[in-house]
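Look at the sequence and structure first.

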Amino acid sequence: MLAVKRLLSIMKTLRDPQRGCPWDRQQTFASIAPYTLEETYEVLDAIERADYQALRDELGDLLFQVVFYARIAEEEGEFNFDDICNGISDKMERRHPHIFADAKADEAGQVLHNWEQIKISERAEKAQHSALDDIPYTLPALMRAQKIQKRCSHVGFDWKTLGPVLDKVHEEFDEVMFEARQVVVDQQKLEEEMGDLLFASVNLSRHLGVRAEMALQKANKKFEARFRQVEAIIRSQGKIMPDASLEEMEAAWQQVKNAEKIRQS
């Protein structure tokens, strides 16, 4: 607790109207929100790299964001850091009745079922009657799509087997290609069908137990690493990418992939 008190004291000093930091004093909830998102992604990056020294530092940066919000809220008479801690503590106890009350849950699946039922009750108390209420619009699109689908699944609006899910992906792909092959392409309609295809692909990912957002992040990382190696190969041939033919770049790409297979074998 001493460490937390020290951090709260530092934040209070930084926001002090007379002797605080000019930059920190002028910040608002809205102005520091982008930094919160940035720090969250830096935490995820440290986890992905299994760099635990960096993870410690990034978690500190993320905690500082929470302390920053708490200080602004306290100054405005809304809530303080203790209120945040007590609020999440109450929620965790409420959502774990098999630990802190007399409910039973011997398996992880039952825990998740109970968790969702409690969340449904909480939304009802807040007059949030749709299963989709309180899903943030600011989530990354893939993550939000998967959360929407998960909520729908919890109320029974979901396919039980993989076949129809895969059929839907093929159906949406065909609709994209139909629009793309029109003599005069309706870009708005094409965008709509492309969105449906992405949404169906996220649903397939969910049914396969894969987080679509993380899967695409890893695909981005893999492609970037391969592309950088392709650039290096082309440079070793005395060329730059714009001057290389597509065939030369494809040959370099296959060289990179084959080298990966050898390393993994």
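Angles under 35 degrees count as roughly parallel, over 145 as roughly antiparallel, 65 to 115 as roughly perpendicular, and the rest as oblique. Axes are lines fitted to C-alpha atoms, for helices over the stretch in contact, and angles run from 0 to 180 degrees between N-to-C directions. Helices are DSSP runs (H or I, at least four residues), numbered from the N terminus.

This is a predicted model, where local features need pLDDT of at least 70, side-chain atom pairs count only at pLDDT 80 or more, and totals for chains, interfaces and linings use all residues. Residues are numbered from 1 along each chain as its sequence is written, and side-chain values use heavy atoms, without hydrogens and water.

| Helix pair | Axes come within | Crossing angle |
|---|---|---|
| α9 (residues 162-180) and α10 (residues 187-207) | 9 Å | roughly 160° |
| α11 (residues 212-236) and α12 (residues 246-264) | 9 Å | roughly 120° |

**α9 and α10.** These helices are therefore roughly antiparallel to each other. The crossing of α9 past α10 is left-handed (near helix turned anticlockwise from the far one by less than a right angle; right-handed if clockwise). Contact (heavy atoms within 4.5 Å) involves residues including L162, V165 and F173 of α9 and L190, M194 and H207 of α10. By class, this contact has 12 nonpolar, three polar and seven charged residues. Ala, Val, Leu, Ile, Met, Phe, Trp, Tyr, Cys and Pro count as nonpolar, Asp, Glu, Lys and Arg as charged, and the others, Gly among them, as polar.

**α11 and α12.** Here the helices are therefore oblique to each other. α11 passes α12 in a right-handed crossing. Among the residues that meet are F223, R226 and I233 in α11 and M249, W253 and E260 in α12. The contact of α11 with α12 divides into nine nonpolar, two polar and four charged residues.

Conventions
Helix = DSSP H or I, 4+ residues; strand = E, 2+ residues; numbered from the N terminus.
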